Amino acid sequence: MAESVDKTLFLDYNMNDAFDWSDEEMPVRDAIWDYLMEHNGHDTMKTEEQMKPFMTESEADIRKFVEGNLKTADAK
């Protein structure tokens, strides 16, 4: 019998659980989506394409992107 393992992606963690500097309760995935939307003129199709690499990137790479782009000056 095959065993089913539920694996939570890092993208599904809440920002405040993934980063000690964040108080946001939204998932990391949503925070990245919002950031990309703000920086590409709210083009949903372009944002969808930009999100694809995050689905296979390592947690370390995602952390690097989030800390480099989403971390506020106050939290640094």
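User: How many aromatic pairs does the count come to by the rule for rings?

Analyst: Rings of Phe, Tyr and Trp (its six-membered ring) pair if their centres lie within 6.5 Å; planes under 30 degrees apart count as stacked, over 60 as edge-to-face and the rest as tilted. By this rule the count comes to five aromatic pairs. One of them joins Phe 10 and Tyr 13, with 5.9 Å centre to centre and 35 degrees between the planes, a tilted pair. The model is predicted: local features need pLDDT of at least 70, side-chain atom pairs count only at pLDDT 80 or more, and totals for chains, interfaces and linings use all residues. Residues are numbered from 1 along each chain as its sequence is written, and side-chain values use heavy atoms, leaving out hydrogens and water.

User: Why is the pair of Phe 10 and Phe 19 edge-to-face?

Analyst: The planes of Phe 10 and Phe 19 stand at 75 degrees, with the ring centres 5.9 Å apart, so this pair is edge-to-face. Phe 10, Tyr 13, Phe 19 and Trp 21 form one aromatic cluster.

User: Is Tyr 13 buried, exposed or partly exposed?

Analyst: Buried means under 20% relative accessible area, exposed over 50%, and partly exposed in between (1.4 Å probe, protein chains only). Tyr 13 has a relative accessible area of 38% and is partly exposed, whereas Phe 10, at 9%, is buried. Phe 19 is buried as well.

User: Which charged end sits over the ring of Phe 19?

Analyst: A charge sits over a ring if NZ of Lys or CZ of Arg is within 6 Å of the ring centre and within 35 degrees of the ring normal. For Phe 19, the charged end is that of Arg 63, 5.1 Å from the ring centre.
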